[in-house]
Amino acid sequence: MSVKRVTVLGATGSVGQSTLSVIAHANAEAASADEPPVFEVEALAAGQDVQTLSKQAIAAGAKLAIIADETKYADLQARLAGTGIETAAGDGALAEAAARPCERVVAAIVGVAGLRSTLAAVQAGNDVALANKESMVCAGALLSEAAAASGAQIVPMDSEHSAIFQVLHGRDDLEKLIVTASGGPFLDTPISELGDMTAEQARAHPRWSMGLKISIDSSTLMNKALEVIEAAYLFDVPGEQIDVVVHPQSIVHSLVSYRDGSVLAQLGEPDMRTPVAFALSWPDRRIRTAVNRLDLAALSRLDFRAVDDEKFPAIALAKQALAAGGTAPLILNCANEAAVAAFILGKCGFLDISSIVRDTMEDMSHSGFGSNKPTCLEEINAVIAEAQRVSDRLLAKV
Ligand code: NAD
Ligand code: MG
């Protein structure tokens, strides 16, 4: 088995760090068995955090380190001087790095900011381990077409999609994809109290330790809404065939139900190192992780309940965006990014997040946006700019 070259985009984030820990663990195991390393790190990229990035690049023996924020380039060069590690800066360099030949590009940048590099990796024919769900939500058709053209495989790293990918066999006999949701920190908070919730309260996820934006998305169930759209594009299944069920323990990571009544699920501790290891190892399952093993007897029960759509309108908005097609999911995503950023800064309330998303979608569909399928990154960028403008205008009113 030859060494697998891996590039990690968003290396300094929560998923990026889990990825580097899985890689280090697998290589350490191989070394102790006197075997050659399993992985080699090709490139590491981050947005702004040069300190963490340079430490990671040295520890992992990366060939290249890229910082998206060009104002941080001199600092990165200084920190890596004399190490032999190449350096680069800017979005263009990041996209070029994503296209460098390797066996896996881990797309773990947060938000639509990850789209250009995800697309560059796929277009170059690199297999992509996809955590950056926003790129699939914003450009699902474009990414799928690019993958079909280049032969790249998109292997999901999001835990729910990893679960579905592992238990989905064929499509003809498929009845439903069932995506599980922890329900977030406000699962049992009365709707009357939601308006007062702060970003500090919203980010305190009960099960998963994650970056700030996805933690807020989990509190509104917008994360699940994005995941419904992500699943629709990744697995080419219409929105009507995708259900969401609340499962507070986050042990069953998602399920697929079939025509004969069988339901297949994937289970495990809520720990990203498992879907990370799977996405790095695929098509085999060679990577051992240090994840705690599931103790079903100790767990004793698994709970499930329906989503409260009145309290959490996000999933219905996602279904609506999928039904509308075209750029509607892109608009939903960008309005959410704008609203979450405003919420974190205390510029809008918790309940405003989903109303800004809904109103931006409505406003833009009235002005003729939404129905056409975008065919290139330039078209997508124009819609992103317009969605940002409309949601900023709506945010200024709250
Ligand atoms: P995070 O905020 O912890 O990390 C984000 C990473 O992206 C950082 O390395 C940051 O430097 C980089 N970044 C941010 N803006 C950038 C830009 N403009 N250009 C280049 N790099 C930029 O986020 P996270 O929790 O690791 O999530 C990353 C992605 O993975 C998100 O799309 C999220 O939805 C998805 N995801 C996360 C988890 C999780 O457990 N954290 C699980 C499933 C999916
Ligand atoms: Mg997920």
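Q77 is partly exposed, with 37% relative accessible area (buried means under 20%, exposed over 50% and partly exposed in between, with a 1.4 Å probe and protein chains only). Its place is in helix α3, residues 73-80 (helices are DSSP runs of H or I with at least four residues, strands are E runs of at least two, and both are numbered from the N terminus). Between the C-alpha atoms of Q77 and E42 there are 17 Å in space and 35 residues in sequence.

A quick word on the model: it is predicted, so local features need pLDDT of at least 70 and side-chain atom pairs count only at pLDDT 80 or more, while totals for chains, interfaces and linings use all residues. Residues are numbered from 1 along each chain as its sequence is written, chains are lettered from A and ligands numbered from 1 in the order in which they are written, and side-chain values use heavy atoms, with hydrogens and water left out.

Now to the charged pairs. Side chains of opposite charge can pair when their charged atoms come close. How many salt bridges does a search of the whole structure find? The count is 23, where a salt bridge is a side-chain nitrogen of Lys or Arg within 4 Å of a carboxyl oxygen of Asp or Glu. Here are three of them, with their N to O distances.

| Salt bridge | Distance |
|---|---|
| E29 and R288 | 3.1 Å |
| D158 and K133 | 3.0 Å |
| E227 and K224 | 2.6 Å |

Take E29 and R288, which form a salt bridge. E29 sits in helix α1 (residues 14-32) and R288 in the loop between α12 (273-281) and α13, so this pair ties together parts that are 259 residues apart in sequence. E29 is partly exposed at 32% relative accessibility, and R288 is exposed at 52%.

Next come D158 and K133, whose side chains also meet in a salt bridge. D158 is in the loop between β7 (154-156) and α7 (159-167), and K133 is in helix α6 (residues 133-150), so the pair ties together parts 25 residues apart in sequence. Buried or exposed? D158 is buried, at 7% relative accessible area, and K133 is buried too, at 4%.

E227 and K224 are three residues apart in helix α11 (residues 222-235), so about one helical turn separates them. Both E227 and K224 are buried. Elsewhere, E40, E42, K63, E86 and R100 are joined into one network by salt bridges that share partners.

On the surface, L267, L296, L302 and F304 make up a nonpolar patch with about 340 Å² of accessible area together. One of these, L302, is in the loop between α13 (296-299) and α14 (314-324), and is partly exposed at 31% relative accessible area. By contrast, L168, in the loop between α7 and β8 (174-181), is buried at 15% relative accessibility.

Conventions:
Patch = residues over 30% accessible without salt bridge, like charges linked within 9 Å, V, L, I, M, F, W, Y side chains within 5 Å. Areas by Shrake-Rupley, 256 points an atom, 1.4 Å probe, with all protein chains shown as cover.
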